[in-house]
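I opened this entry to look up a few local features. My notes follow the order in which I checked them.

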Amino acid sequence: MLTGKQKRYLRSLAHNLTPIFQVGKGGVNDHLIRHINEAIENRELMKISVLSNNLDDRKEIGAEIATASKSELVQVIGNVIVLYKESEDNKTIELP
């Protein structure tokens, strides 16, 4: 579980990132989760964009992706979800 200070720090790091994955009207599936797991192991911090044709609640999508990928939900703002997961092999982010 991340503290407020850690979430603020991660949000500041994620500001300049571009979204890597998009969740469309198909929603969240196993294929998407598998790719997110591979990418978040290398990056630790990532953005995911929710397209406007997806009618589900963005916060629910973020929570679903976070639990399925065993990562931490940092922020859901607008159509963008920010996730963090500490890497086992490629640790680059030091949390305060």
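I started in the loop between H2 and strand E2 (45-50), where I found Glu-44. The model is predicted. Glu-44 is not a glycine, yet I read a positive phi of about 70°. Buried or exposed? I looked up Glu-44 and got 0% relative accessibility, so Glu-44 counts as buried.

Next I went to the loop between H3 and strand E3 (72-77), which holds Lys-70. Lys-70 also has a positive phi, near 55°, in a residue other than glycine. I noted Lys-70 as exposed, with a relative accessible area of 67%.

Then I turned to the helices. At what angle do the axes of H2 and H3 cross? I have roughly 65° for helix H2 (residues 30-43) and helix H3 (residues 58-69), with the axes coming within 10 Å. I therefore logged H2 and H3 as roughly perpendicular to each other. The crossing is right-handed. I listed the contact residues: H2 gives Ile-33, Ile-36 and Asn-37, and H3 gives Ile-65, Ala-68 and Ser-69. I sorted the residues of this contact into four nonpolar and two polar, with no charged.

Last, I looked for salt bridges. How many does a search of the whole structure find? I got one. Lys-91 pairs with Glu-86 in a salt bridge, and their closest N and O atoms are 3.8 Å apart. I checked the exposure of both partners. Lys-91 is partly exposed, at a relative accessible area of 36%. Glu-86 is partly exposed too, with 46%.

Technical notes: Residues numbered from 1 in each chain as written. Predicted model: local features only at pLDDT ≥ 70, side-chain atom pairs only at ≥ 80, totals over all residues. Heavy atoms only, no water. Axes fitted to C-alpha atoms, helices over the stretch in contact; angles between N-to-C directions. Helix = DSSP H or I, 4+ residues; strand = E, 2+ residues; numbered from the N terminus. Parallel < 35°, antiparallel > 145°, perpendicular 65-115°, else oblique. Left-handed = near helix turned anticlockwise from the far one by under 90°. Contact = heavy atoms within 4.5 Å. Nonpolar A, V, L, I, M, F, W, Y, C, P; charged D, E, K, R; others polar. Salt bridge = Lys/Arg side-chain N within 4 Å of Asp/Glu carboxyl O. Buried < 20%, exposed > 50% of the residue type's maximum accessible area, 1.4 Å probe, protein only.
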